[in-house]
Amino acid sequence: MQHELTDRKPLDSLSLKLKKLKDQVIVITGATSGIGLVTARMAADKGAKLVLGGRERAALETLTDELSEKTEVVYLEMDVSKEEEVKQLAEKAVETFGGFDTWVNNAAVAIYGHLTDVPIVDARELFEINYWGTVYGSLAAIDHFREKETAGALINMGSVLGNRTFPIQGTYSSSKFAVHSFTDALRMEAEKEHLPVVVTQIHPARIDTPYAEHAASYIDKAPSHDGMMYPPESVAESILYTAEHPVRDMYVGGQSKMISLMGALMPRFTDRYLEKSIYDTNYDESKDAESPLQSSLYGEGEQLKERGGNNIGWTRRGSLLVKAKKHPLIFLIPITIIGVTSLSFLLFSGNKKSKAQKIKEAYRMKKTKMMFKHPKKAWKYGKMKRKIRHLSH
């Protein structure tokens with residue numbers, strides 16, 4: 001069927017009104033580990049009803065029992081790389097709660113290795129999960145919101161690596177670039193069709209989750225985050241904020257924003273910077289890598305774990321960028337005060353000139369006037385003065 005195009009003015013989706021979390025039903029994929037797990041727990045604390053998707057039945061059952069003490073929760077053992085199973089997750093939400101208000105595409109896997117070393121079969125499997133899993137979830141959500149009268153949120157998990165490629169993680173990065181492009185296109189098309197949905201993308205920097213230890217590795221050392229990281233709570237905080245407030249993009253960590261801007265404005269400089277700095281921060285020199293067959297790419301990996309056991313860097317307490325997005329006035333007021341104070345100081349100090357400065361300026365003015373009236377005389381005077389200064393040294 002060919003879509004009928006119209007010339008009507010697009011909807012401004014950022015003007016839509018979303019429900020409060022306590023009144024929402026939220027669907028989360030990849031809910032039994034890292035960011036998905038933290039988001040599920042935080043959403044339950046705020047009273048949202050939950051529909052959880054994941055590949056490990058035992059982990060899903062344990063998590064559902066835990067969160068059922070706080071809110072209503074159902075789960076479905078499913079694989080996001082299978083379109084039918086993603087549709088079944090949406091149907092589970094409709095059958096249990098009559099629908100959903102927010103859909104979070106969070107499930108993803110990672111591969112560490114040079115592009116020339118990663119087997120094509122592994123790269124394809126990663127794309128089936130990271131890219132096609134996001135596509136299947138997004139289309140299921142759009143179909144649902146098309147029939148709803150109240151607005152909903154579709155939240156896709158991007159990455160700083162979806163804005164700027166890192167070496168060794170080129171396969172993962174390529175999938176996140178594809179997610180980025182798909183999300184932007186879907187947002188524009190949904191607005192043109194006046195669909196009641198806010199399409200948001202989250203852009204985390206390095207996060208302290210089991211991401212690295214669950215990754216398939218084609219480097220000889222164990223993948224790791226060695227350097228500054230942000231806590232998974234900061235990403236969950238941004239997800240739940242955008243579930244309630246229409247936002248186009250949320251960057252988690254100044255690191256994410258800075259590297260994204262560097263890559264866009266200074267691509268060659270960023271190439272050289274990453275070539276020199278990023279390799280050592282991607283692995284733990286003291287540990288050998290496990291077989292790729294033991295990774296989450298093939299369904300393995302420890303579940304119900306929020307943080308990474310392989311990470312050897314340091315974790316910040318939170319993301320100021322997320323706080324600033326949530327509470328702009330709190331950050332705008334002190335920045336304004338600092339700016340006004342600095343400007344006042346500069347103006348005040350500029351007006352308060354010493355006697356010596358005034359004499360110096362008067363001499364310069366006199367010298368300038370002399371140059372205009374007698375340029376030859378001024379030039380000879382300056383030449384003689386420079387010669388005397390040179391001889392004195």
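**Helices α4 and α5 in a predicted model**

Helix α4 (residues 120–146) and helix α5 (residues 170–192) cross at roughly 20°, their axes coming within 9 Å. Axes here are lines fitted to C-alpha atoms, for helices over the stretch in contact, with angles from 0 to 180 degrees between N-to-C directions. Helices are DSSP runs of H or I with at least four residues, strands are runs of E with at least two, and both are numbered from the N terminus. Because angles under 35 degrees count as roughly parallel, α4 is roughly parallel to α5. The crossing is right-handed, meaning that the near helix is turned clockwise from the far one by less than a right angle.

This is a predicted model, in which local features need pLDDT of at least 70 and side-chain atom pairs count only at pLDDT 80 or more, while totals for chains, interfaces and linings use all residues. Residues are numbered from 1 along each chain as its sequence is written, and side-chain values use heavy atoms, without hydrogens and water.

On the α4 side, the contact (heavy atoms within 4.5 Å) includes L126, F127 and Y131, and on the α5 side it includes Y172, V179 and F182.

Helix α5 also contains F177. With a relative accessible area of 35%, F177 is partly exposed, a class between buried (under 20%) and exposed (over 50%), taken with a 1.4 Å probe and protein chains only. Leaving aside residues up to four places away in sequence, F177 touches L161, G162, N163, R164 and T165.

The chain as a whole has 12 helices and 13 strands, and 47% of its 393 residues are buried.

Note on methods
Angles under 35 degrees count as roughly parallel, over 145 as roughly antiparallel, 65 to 115 as roughly perpendicular and the rest as oblique.
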